[in-house]
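Please find below a briefing on the structure shown here. It is arranged by topic for reading beside the model.

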Amino acid sequence: MSVSFDKKDGNVVVVIGTGPGGGVLASELAQKGVKVVALEAGGRHGPEDFVNDEWASFGQISWLDSRSTSGSWRVAKDFSGLPAWIVKGVGGSSQHWAGASLRFQEHEWKTQTVYGNVTGASLLDWPIDAKTMDPYYTKAEEKLRVTRTGGRKGLPGNNNYKVFEAGAKKLGYKDVHTGRMAINSKDYDDFVACQQTGFCFQGCKWGAKWSAGYNEIPVGEATGNLEVRINSQALKIEHDASGKVTGVIYADADGKQHVQKARIVCVAGNSIESPRLLLNSASSMFPDGLANSSGQVGRNYMRHMTGSVYATFDKPVKMWRGTTMAGIIQDEARHDPSRGFVGGYELETLSLGIPFMAAFLDPGAWGREFTSALDQYENMAGMWIVGEDMPQETNRVSLNHDVKDQFGLPTPNVHFDDHPNDIAMRNHAYKQGAAVYDAVGAVRTFPTPPYPSTHNLGTNRMSAKARDGVVNKWGQTHDIKNLFVSDGSQFTTGAAENPTLTIVALAIRQAERIASEMSKGNI
Amino acid sequence: MSYVKSLTRRDLLKTSVAAGSLLIIGGGFVAASNAAWALEVTHLKSSTMATLIQMARDIYPHDNIADEFYAAAVKGYDTAESKGPVEEGIAALNAAATGRGHASYLAAGWERDRVDILRSMESSPFFQQIRGGLITGLYNQKAVWPVFGYEGESFSKGGYIDRGFNDIKWV
């Protein structure tokens, strides 16, 4: 089971990152008989050592390497060194995610066509559509055992959901349910059903929530075709005189550098590290970084239009009990410009424990207005807003040459300005979210600003034409045919839905393509 | 630095000065006014520690949380490294209080007066450091969670599947 490949073996596929993109791709390739070395920057954690403790878990699994921020987004003010709340370790952010598994709506694959010209936005149609993706979404839903798909039943609603659902129905919302979730709604052979423990963000101690880390990687490893190297951070991708990539320089846990030769390299380090790696791989032949002839690497960084609404009541809710994201209102997800913005948003229940609530309810606030809200914590309900944000060329991940990491490489800077469409949508969502709670007697409501980004998307966008983006419809870079991008950075536009299911579906599809092209000798 | 629970009330009262709801005791202690607990202060002046504790309460006032927990949240500033900036910050706080006609920050009897003083220095690095530190220093103390009703870890109890994850009846 435990296989080890030679670093000079140039026949392996090197996958950088083991999250829902890279982890699924690596496992799928291994199951098709392809030899894979997966380089994982972090360590390996799982249900056996996850902790039901917000700050302790944050320290255990988060990506905490130095990053900087700029732009007018509030995260740059509240969390200047932490633009993203994502995971470093086997399984990537599928350890931390809440499990919401939604397909894109049909129109969200072609927003340039459907939304028309939006000033300041770099909208572009994806080179793939709902019909192309339908079979891969079905495969992804099977893999993730998504509730309310494939005949699987929904999860039961917790207290936070009961308040949310009652308010939604009083307001006249129709599409309200306990979500399509990658959380087991019954016992399966190897994994138990959800025990309503809470702490979904801290890694599920029951293994009831799907994670690439313990659901996919071990399956790949069992084939004998997948070697996962933990604590191995990719620093630079090398290429030959013909422009094909030949291997990856990485640092091990002791900082010692190695080169792993490769036939194909697939980059899946999340939308901050993936473009950073391509940019840090600049050479005399590719002075602007790999796969960057379009100048699009790092651009069109998206993070979803987000925010939260919390509300206090005169009776207990105990929202922390049970599934963190326990239900959804989908009525506002449609594209309906009469609301004053293009695209739409989802409302999804969310809860935080008291330690994180203190940090995130209103960052920087103090005094009785703030503490009297926390005093009502037991009577509090909460929801998260997730909507489509506008891609903008100037929202980008770039190299911060003033700050170097532990390996001496420039760190990433994340620049983001809200688009006026994002602001209009957020204000609409704050109003509707508050109305949901007011409908069931909220005493106070709180429009809570965005957390550090959990949905990082779009910095190596997929495009039909090479000049418009970084990768083609297979996630293969336009410039270098044995270099692929396999994570959410491929996203052309963000859609309103939580992105993981789409990332997994794209990875399943890409694995098929790579295996097929390899067997034909094309790459 | 440690909590000292063995001092008798008589011992405390011999050398103490009232400071808000706290007592400042000669010999490097800050104590609860009922002597239920005392905090030994090694590097900072005891009046500085008492002021810090009051400042912490005024920043994040929870009437159901005892001073002991605010003390625990700021006791980490009693180090050789923090002494300089903290004494300086508290001196600035007292100067702002004096400028508003109070003998000191602790001598301002109403919370609204102390909050006015804090507002006047809200953008200072000292205020922001104390405020930021309290987010984890105060709210990540497991002992205060029950005050908010928060139940913390639940895996060892089998989650809430059989313990009320959907038990509210009012909606």
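The model is predicted. Chain A comprises twelve helices and 17 strands, and its radius of gyration of 22 Å is close to the 24 Å that the globule rule gives for 523 residues, so chain A is as compact as a globular protein of that length. The contact between the chains draws on 35 residues from chain A and 29 residues from chain B.

**Overall form of chain A**

- Along the principal axes, the C-alpha atoms of chain A occupy a box of roughly 70 × 50 × 45 Å.
- Of its 523 residues, 59% count as buried.
- When contacts in chain A between residues at least 6 apart in sequence are considered, 75% of them join residues at least 24 apart.

**The five-stranded sheet of chain A**

- An open sheet of five strands is present in chain A, with the order β5-β2-β1-β9-β17 and parallel pairing.
- The edges are taken by β5 (226-229) and β17 (483-485) of chain A; each has a single partner strand, so one side of each is left without a neighbour in the sheet.
- On average, neighbouring strands of this sheet are turned by 20 degrees against each other, direction ignored.
- Within chain A, strand β1 (residues 13-16) runs parallel to strand β9 (residues 264-267), and four bridges join the two.
- A:V15 has A:C266 in β9(A) as its bridge partner.

**A strand pair in chain B**

- In a regular strand the side chains alternate between the two faces of the sheet.
- In strand β2 (residues 22-25) of chain B, B:L22 and B:I24 point one way, B:L23 and B:I25 point the other way, and all are buried.
- Strand β3 (residues 29-32) of chain B pairs with β2(B) in the antiparallel sense, over four bridges.
- In this pair, B:I25 of chain B stands opposite B:F29 in β3(B).

**Contact between chains A and B**

- Chain A contributes 35 residues to the contact, and chain B contributes 29 residues.
- On the side of chain A that touches chain B, at least two residues each come from α6 (159-171), α9 (354-360) and α10 (368-375) of chain A.
- By class, that side of chain A holds 15 nonpolar, twelve polar and eight charged residues.

Terms used
Residues are numbered from 1 along each chain as its sequence is written. Chains are lettered from A and ligands numbered from 1 in the order in which they are written. This is a predicted model: local features need pLDDT of at least 70, side-chain atom pairs count only at pLDDT 80 or more; totals for chains, interfaces and linings use all residues. Two residues are in contact if their C-beta atoms, placed from the backbone, lie within 7 Å. Ala, Val, Leu, Ile, Met, Phe, Trp, Tyr, Cys and Pro count as nonpolar, Asp, Glu, Lys and Arg as charged, and the others, Gly among them, as polar. The radius of gyration is taken over C-alpha atoms; the globule rule is 2.2 Å times the number of residues to the power 0.38. A residue is buried if 20 or more other C-beta atoms lie within 10 Å of its own, exposed if 12 or fewer, and partly exposed in between; C-beta atoms are placed from the backbone. Two strands pair if DSSP finds at least two bridges between them. Axes are lines fitted to C-alpha atoms, for helices over the stretch in contact, and angles run from 0 to 180 degrees between N-to-C directions.
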